[in-house]
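Good morning. I will go through one protein chain, from a definition to the overall picture and then to some individual residues. Please have a look at it first.

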Amino acid sequence: MLNSMDKENKQSLISLATSLMTMVLNICIGFFISPVIVRDLGVEANGYAQLANNFVSYASLLTIAINAMAGRFTTVAYHRGEKEKAQKYYTSALIGNIFVILFLLLPAILLIANLSKILTIQTTSVIDVQILFGLTFISFFCANIQNTLNIATTVKNKQYLSNAMIMAGSVVRILILVILFNSFELHVYYVSLAAGIVSVLSILGYYGIKRTIMPDIVFEAKSFDMSAMKDMLTSGAWSVVNKCGDLLMTGFDLLLTNVLIGPIEMGILSVAKTIPTHLITLASTLSWNWNPKMTKEYANGDIPQMLSTIDLSAKVSMLLVTVPTMAFCVFAPYFYNLWMPTQDANLLSVLSILSVMAYTMLTGTASVFNLFTITNNLKLNSISYCIGAVISILVSVLCVKYTSFGIYAVAGVSSIITIIRNLIVMLPYAAKILGLKWFAFYKYVVINIGCSIIVAGISFAVRAVMPLSSWFDFFVACCVTGIISVLCLSLLVLKKEQRKALLNRVIK
């Protein structure tokens with residue numbers, strides 16, 4: 001019989017495994033679809049799809065204040081035995097999201113109707129781009145409802161159920177895309193159409209999961225509580241500021257490129273950021289899967305166990321993110337020659353490395369930054385993020401206008417600012433929150449850099465002795481690099497008891 005702690009660890013690791021499978025499916029969709037779009041519709045068409053997602057991110061500023069903290073407040077109240085209070089947070093979050101969706105409908109329609117006046121649209125059909133944006137907004141509206149229903153998996157530490165929903169949705173998306181791409185004339189909005197259909201259907205699935213695992217917390221209009229909404233909005237306001245920083249740091253790069261350089265360069269940058277975006281998402285997903293466990297430990301006042309969870313999650317992230325990140329950086333030119341044969345592989349490689357270089361040293365700290373939300377200390381994190389983002393945009397614009405760096409500056413400046421901000425401000429602050437010495441979490445940066453050097457060395461060695469002229473060669477080289485790297489890092493990074501615990505959980 002597993003004790004409570006073993007059960008919590010097992011659920012976290014199951015969630016971790018399902019997250020990885022979900023990531024693989026989503027990567028596969030982009031891997032096969034992007035080359036077809038670039039080949040048949042032009043590289044700029046791929047950029048518009050990513051740009052639509054960026055515009056949705058701008059709209060999410062109105063919902064992030066609610067959604068960022070709804071799970072945290074509901075989880076803490078639930079595990080402290082305050083179920084009536086938890087229900088108030090849950091109901092208030094759902095009503096708040098519905099209100100924001102209704103509020104955003106008219107602005108979204110006006111934006112889509114005037115899209116050609118805002119963006120430079122040359123070779124791609126304006127109507128196709130408008131449909132693309134419309135479908136992306138529909139997916140966004142559905143996602144906000146899903147986020148509230150999905151609070152149940154966070155409270156119960158059963159994200160693997162949410163991941164299973166995402167996996168099922170990815171399979172349905174693949175089936176829809178296969179039908180569309182093989183039965184009809186190609187359009188840039190097909191990917192968003194498939195995503196929109198899945199988003200609508202997923203609401204039913206998330207509702208079913210919520211009713212099954214958390215039936216004691218239900219939506220009741222009478223449970224709407226202004227004080228609960230105020231709690232979420234007050235704390236979530238800093239999440240809005242943080243999201244503003246995130247958008248300025250990473251969400252304006254394609255828009256800047258479109259306006260200051262051109263749609264072709266925007267498309268090139270969007271292609272170059274495809275794999276880095278998946279790697280960054282992987283790092284965020286891995287840290288998020290430990291978040292419910294850490295939140296519960298914080299709610300129970302078990303800080304030593306929380307630090308143990310941070311240590312394990314940091315090291316697991318290094319194994320699962322640093323290895324593919326560094327292998328990709330080394331193999332990038334060969335990858336792009338195979339994946340995008342019509343594009344400049346060296347240009348794409350440099351842009352990709354610039355986009356992802358922060359994660360060569362910060363991967364292991366991803367779970368540390370969950371502390372700001374868990375402990376409700378978001379102010380410094382959010383303000384510093386915004387300041388760094390403004391500096392990033394200003395430096396990028398100046399570099400584009402007055403230097404020859406151009407698109408390289410757009411890709412690289414944000415990564416450099418991210419490294420500086422996290423090293424100087426955020427890691428010492430995270431340590432201060434828990435009453436630790438200011439340098440307590442720097443050990444993960446040192447370990448991360450060492451891991452990156454080791455994986456890079458292994459990757460270069462494999463690249464030197466193995467041919468990489470076909471997809472089969474490339475796949476074999478990646479497998480060899482991955483296996484050797486994971487084995488080496490497991491021995492060097494994980495403690496003996498951590499290796500044993502992980503192995504036991506995987507076997508079980």
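Predicted model: local features only at pLDDT ≥ 70, side-chain atom pairs only at ≥ 80, totals over all residues.

Now the overall picture. The chain has 22 helices and 0 strands. It has 508 residues, and 55% of them count as buried. The accessible surface comes to about 21800 Å², and carbon and sulfur atoms hold 68% of that. If you take the contacts in the chain with a separation of 6 or more, 83% are between residues 24 or more positions apart.

Back to Glu 297, and to its partner. The side chain of Glu 297 forms a salt bridge with that of Lys 293, with N and O 2.6 Å apart. Both residues are in helix H13, 4 residues apart, which is about one turn of the helix. Lys 293 is at 2% relative accessibility, so Lys 293 is buried as well.

How many salt bridges are there in total? The count is 3. As background, side chains of opposite charge can pair when their charged atoms come close.

Lys 315 and Asp 311 are both buried.

The remaining bridge to describe joins Asp 216 and Lys 83, whose closest N and O atoms are 3.0 Å apart. Asp 216 sits in the loop between helix H9, residues 190-213, and helix H10, residues 226-251, while Lys 83 is in helix H4, residues 83-113, so this pair ties together parts that are 133 residues apart in sequence. Are these two residues buried or partly exposed? Asp 216 has a relative accessible area of 31%, so Asp 216 is partly exposed. Lys 83, at 40%, is partly exposed too.

Staying with the loop between H9 and H10, Phe 224 is also found there. At 29% relative accessibility, Phe 224 counts as partly exposed. Leaving out residues up to four places away in sequence, Phe 224 touches Thr 91, Ser 92, Ile 95 and Met 229. Phe 224 and Gln 87 are 137 residues apart in sequence, but their C-alpha atoms are 8.6 Å apart in space.

Next, how helices pack against each other. The axes of H13, residues 274-299, and H14, residues 303-339, come within 9 Å and cross at roughly 170°. An angle over 145 degrees counts as roughly antiparallel, so H13 is roughly antiparallel to H14. The contact between H13 and H14 has 20 nonpolar, 6 polar and 2 charged residues.

A second pair is H4 and helix H6, residues 126-149. Their axes are 9 Å apart, at an angle of about 175°. That makes H4 roughly antiparallel to H6. Among the residues that meet here are Ile 98, Ile 101 and Leu 104 on the H4 side, and Phe 133, Phe 137 and Phe 140 on the H6 side. By class, the H4 and H6 contact has 17 nonpolar residues, 5 polar ones and no charged ones.

Two more residues, and then I am done. Met 249 lies in helix H10. Met 249 has 4% relative accessibility, so it is buried. What does Met 249 contact, leaving aside neighbours within four places in sequence? The list includes Tyr 385, Gly 388, Ala 389 and Ser 414. Ser 414 is 165 residues from Met 249 in sequence, yet the C-alpha to C-alpha distance is 5.7 Å.

The other residue is Ser 382, in helix H18, residues 379-402. Its relative accessibility is 0%, so Ser 382 counts as buried. Beyond its neighbours within four places in sequence, Ser 382 is in contact with Trp 238, Ser 239, Val 241 and Asn 242.

That is the end of my part. Thank you.

Terms used: Residues numbered from 1 in each chain as written. Heavy atoms only, no water. Helix = DSSP H or I, 4+ residues; strand = E, 2+ residues; numbered from the N terminus. Buried < 20%, exposed > 50% of the residue type's maximum accessible area, 1.4 Å probe, protein only. Contact = heavy atoms within 4.5 Å. Axes fitted to C-alpha atoms, helices over the stretch in contact; angles between N-to-C directions. Parallel < 35°, antiparallel > 145°, perpendicular 65-115°, else oblique. Nonpolar A, V, L, I, M, F, W, Y, C, P; charged D, E, K, R; others polar. Salt bridge = Lys/Arg side-chain N within 4 Å of Asp/Glu carboxyl O. Areas by Shrake-Rupley, 256 points an atom, 1.4 Å probe, with all protein chains shown as cover.
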